[in-house]
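Here are my notes on this one, in numbered points. Have a look at the fold first, then read on.

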Amino acid sequence: MAKKDFKLVVVQGIKGGVGCTTITSNLAVALTKVGFNVLVFDFCKNNDLRLHFGMGLDRFEGFHKSLIENTPWLNSAFSDKNETVFFPFGQVPHTDLNSLNSLDPNYFNDVLNQIDFESKKTIVLVDYPSYSSMSDCYFNLDFDLKLTVGTCEVSSYSKLSTKFRTTTDQDLFVINRYNPENKLESDIRTLISTDLIQLKLLGVIFEDEFIHQALAQNTTVVDLNEFYKSSKDFYHLAMRLNASLFDENGV
């Protein structure tokens with residue numbers, strides 16, 4: 001594969017229910033607002049990422065749906081009001097999901113090679129299912145960074161502790177839905193800080209009611225109001241991701 005003119009970032013929850021889709025969508029919009037070209041691909045068969053980008057509930061087209069049906073996958077692109085380009089998974093009948101296994105393992109790399117990236121400040125985000133292992137998946141992802149999302153719950157921390165021991169240079173972590181007023185969460189947050197050197201912990205997202213309010217309106221909290229505490233956390237996350245991906249020359 002030729003030298004890439006984009007950076008590929010995979011976002012995956014340490015377990016189900018930690019808010020990986022919320023992280024992906026809000027991070028994408030924050031990155032767009034600070035000047036990046038952003039493409040987002042949904043790899044989760046529940047097809048929920050679209051709900052954060054204002055896509056109508058009556059629309060069922062999608063990236064994987066097109067691949068399975070052998071129709072032009074570019075037609076499934078959706079652009080929100082910020083010009084964040086989003087490719088939903090699509091509504092795929094359960095009986096057809098096994099067809100994904102018949103795709104060439106390099107299909108996603110081939111897909112990206114077909115896109116004309118206009119800027120070297122392009123970031124491609126992939127919302128990856130927490131229930132799948134990247135070591136035995138049916139496709140190859142030539143990613144630059146992998147963001148593992150967890151929470152300050154006991155079960156999440158247990159899984160994170162195991163993951164901490166097997167990190168690589170491409171691994172970074174995000175803690176979602178943090179409530180500092182909860183003593184247990186505060187203690188676990190301290191443990192996480194002890195386990196991880198600061199450079200590995202990309203950011204912590206504060207939990208507030210506005211995140212739920214944004215989802216109810218089919219948008220992101222970053223779009224709802226950029227001055228909310230959680231919105232500022234996502235902007236901080238975007239800027240730290242920029243520093244992790246690009247040097248001072250933008251390379």
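1. Where is Val204 found? Val204 is in strand β8; helices here (H or I, at least four residues) and strands (E, at least two) are DSSP runs, numbered from the N terminus. Before going further, note that this is a predicted model: local features need pLDDT of at least 70 and side-chain atom pairs count only at pLDDT 80 or more, while totals for chains, interfaces and linings use all residues. Residues are numbered from 1 along each chain as its sequence is written, and side-chain values use heavy atoms, with hydrogens and water left out.

2. Staying with Val204: this residue is buried, with a relative accessible area of 19%. The cut-offs are under 20% relative accessible area for buried, over 50% for exposed, and partly exposed in between (1.4 Å probe, protein chains only). Leaving aside neighbours within four places in sequence, Val204 is in contact (heavy atoms within 4.5 Å) with Ile175, Tyr178, Arg189 and Asp233.

3. Eight strands make an open sheet in the order β3-β4-β2-β5-β1-β6-β7-β8, with mixed pairing; two strands pair if DSSP finds at least two bridges between them. At the edges are β3 (78–79) and β8 (201–206), each pairing on one side only. As background, strands of a sheet pair through backbone hydrogen bonds, either parallel or antiparallel.

4. Six bridges connect β2 with strand β5 (residues 122–128), and the two run parallel. Among the partners in β5, Val124 goes with Leu39 and Thr122 with Asn37. On to β4: this strand also runs parallel to β2, joined by three bridges, and Phe41 stands opposite Phe87 there. Five of the six residues of β2 are buried, so I'd call the strand mostly covered.

5. On to the rings. Rings of Phe, Tyr and Trp (its six-membered ring) pair if their centres lie within 6.5 Å; planes under 30 degrees apart count as stacked, over 60 as edge-to-face and the rest as tilted. By this rule the count comes to 14 aromatic pairs. Why is the pair of Phe41 and Phe87 stacked? The ring centres of Phe41 and Phe87 are 4.5 Å apart and the planes are at 5 degrees, so this pair is stacked. It links distant parts of the chain, with Phe41 in strand β2 (residues 37–42) and Phe87 in strand β4 (residues 85–87), 46 residues apart. Phe41 and Phe87 are both buried. These two also belong to one aromatic cluster with Phe43, Phe63, Trp73, Tyr107 and Phe108.

6. Another stacked pair is Phe210 with Tyr228, at 3.6 Å centre to centre and 5 degrees between the planes. Phe210 lies in helix α6 (residues 209–216) and Tyr228 in the loop between α7 (221–224) and α8 (229–245), so the pair ties together parts that are 18 residues apart in sequence. Phe210 is partly exposed, with a relative accessible area of 21%, whereas Tyr228 is buried at 18%.

7. The largest nonpolar core has 52 residues, and those with the most contacts inside it are Leu31, Leu125, Leu147, Ile192 and Leu241. Such a core is a set of buried Ala, Val, Leu, Ile, Met, Phe, Trp, Tyr and Cys residues joined through side-chain atoms within 4.5 Å. Helix α1 (residues 20–33) gives the most to this core, with seven residues. Apart from it lies another core, of 26 residues, with Phe6, Leu8, Leu100 and Phe108 among them.

8. Finally, two backbone angles to check. Glu83, in the loop between β3 and β4, has phi near 70 degrees, a positive value in a residue other than glycine. Glu83 is exposed, with a relative accessible area of 63%. Arg177 likewise has a positive phi, near 55 degrees, and is not a glycine. This one sits in strand β7 and is partly exposed, with a relative accessible area of 26%.
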